Amino acid sequence: MKTLRVGVVGLGSIARNRHLPELENNPNTEITAVCDVVPSRSEEIAKEYNATAYTEYEELIEDPRIDAVIVCAANHLHAPVSIAALQAGKHVLCEKPMATTLEEADDMIAAQKASGKLLLIAHNQCFVPSHQKAREMIQNGELGKIYSFRTTFGHGGPEQWSIDGKNSWFFDKDKAYIGALGDLGVHKSHLIEFLLDEPIHEVAAFVDTLAKPYADVDDNAVAVLRTKSGIIGTLTASWSYVAEEDNSTIIYGEKGVIRLEESPEYSLVVEYHNGNRSNHSLGAIQTNDSQTQSNSGVVDAFASCVLENNSTCPITAEKGRSALAVILAALDSNGTKKIISLAAEAVEKGEQV
């Protein structure tokens with residue numbers, strides 16, 4: 001197995017705390033180059049990892065040593081940087097949300113197909129042990145028919161961990177476009193489709209900016225979702241949780257209930273209809289509050305997919321687009337006060353619904 005030589009674009013907190021350490025810890029990846037528009041950041045990280053420093057992503061992409069690019073820049077740059085890297089013959093791992101519009105997402109997928117390279121989206125929740133176990137239980141029929149779900153992701157907001165604090169691009173609509181929904185909610189739409197193994201078809205939502213007067217993007221959202229088979233549930237995304245982070249999910253089924261990342265002691269709890277209870281300690285989910293996990297699984301999966309030609313990765317661009325479509329539909333629903341049908345969009349594209 002050869003070494004995957006990687007360039008990282010955008011050196012904020014997600015790169016520093018997740019991607020770079022995971023690249024360093026993976027025996028088959030090498031941090032070859034790094035890029036940030038702030039020269040001191042690029043030089044600092046380049047020195048730390050013995051890499052080449054760039055301030056223009058185009059220059060990093062042109063570096064012939066680089067096999068792959070990880071895009072950790074602001075949301076509005078996800079599509080242009082990813083497309084440029086793919087067109088230059090590089091594999092790409094892009095942070096979520098994969099784009100700010102479905103048109104951008106489609107352009108990214110088209111560039112990926114034309115390049116023959118890999119485009120993955122950094123949705124890490126499908127690698128959480130409790131989530132993988134829950135998916136297995138659902139597919140094995142342990143819960144019988146699935147009726148409903150509740151999933152949430154909330155914390156105090158990016159200013160608590162972003163390298164730029166309250167001045168972060170996360171709060172700037174021109175750069176982020178989507179707020180808490182794009183930062184947190186898109187993880188949960190991806191997770192629900194992963195757990196249930198089917199797409200979301202209808203979305204209704206209330207979305208607002210309630211807690212961050214310096215933000216011009218959403219900081220609170222509650223959406224009602226219906227899947228292809230008719231399972232209904234709620235998705236909540238918030239930057240206003242002043243207590244501990246909440247990253248929990250509950251699946252309600254015919255034979256029992258699965259509680260994920262809700263208990264501080266057990267990452268997965270099953271409450272069966274006959275009164276029995278099963279507790280599983282599978283390792284805590286990684287959070288921004290504390291380093292409860294050393295590896296999100298995303299970099300390892302990316303390297304494996306590239307180096308081993310693994311085609312079964314659950315974080316494909318198509319799945320990233322599907323998760324994004326749910327979030328954009330929530331924004332559309334809030335604006336129009338209507339239920340948004342994603343199935344209708346699929347019909348327009350000629351897809352099977």
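Q: Taking helices (H or I, at least four residues) and strands (E, at least two) as DSSP runs numbered from the N terminus, between which two elements does the loop with Asn-50 lie?
A: This is a predicted model, in which local features need pLDDT of at least 70 and side-chain atom pairs count only at pLDDT 80 or more, while totals for chains, interfaces and linings use all residues. Residues are numbered from 1 along each chain as its sequence is written, and side-chain values use heavy atoms, with hydrogens and water left out. Asn-50 sits in the loop between α2 (39-49) and β3 (52-54).

Q: Is Asn-50 buried or exposed, and what is its phi?
A: Buried means under 20% relative accessible area, exposed over 50%, and partly exposed in between (1.4 Å probe, protein chains only). With a relative accessible area of 72%, Asn-50 is therefore exposed. Its phi is positive, in a residue other than glycine, with a value near 55°.

Q: Which residue is joined to Pro-97 by a cis peptide bond?
A: Pro-97 belongs to the loop between β5 (91-94) and α5 (102-115). The cis bond has an omega of about -15°, and the partner of Pro-97 is Lys-96.

Q: How many disulfides does a search of the whole structure find?
A: A disulfide is a covalent bond between the sulfur atoms of two cysteines. Here a pair of cysteine sulfur atoms must lie within 2.5 Å to count. Across the whole structure, the number found is zero. Cys-126, for one, is in no disulfide, and the cysteine sulfur nearest to its own, 6.9 Å away, is that of Cys-313.

Q: Where does Glu-58 lie, and what is its relative accessible area?
A: Glu-58 is part of helix α3 (residues 57-62). The residue counts as partly exposed because its relative accessible area is 38%.
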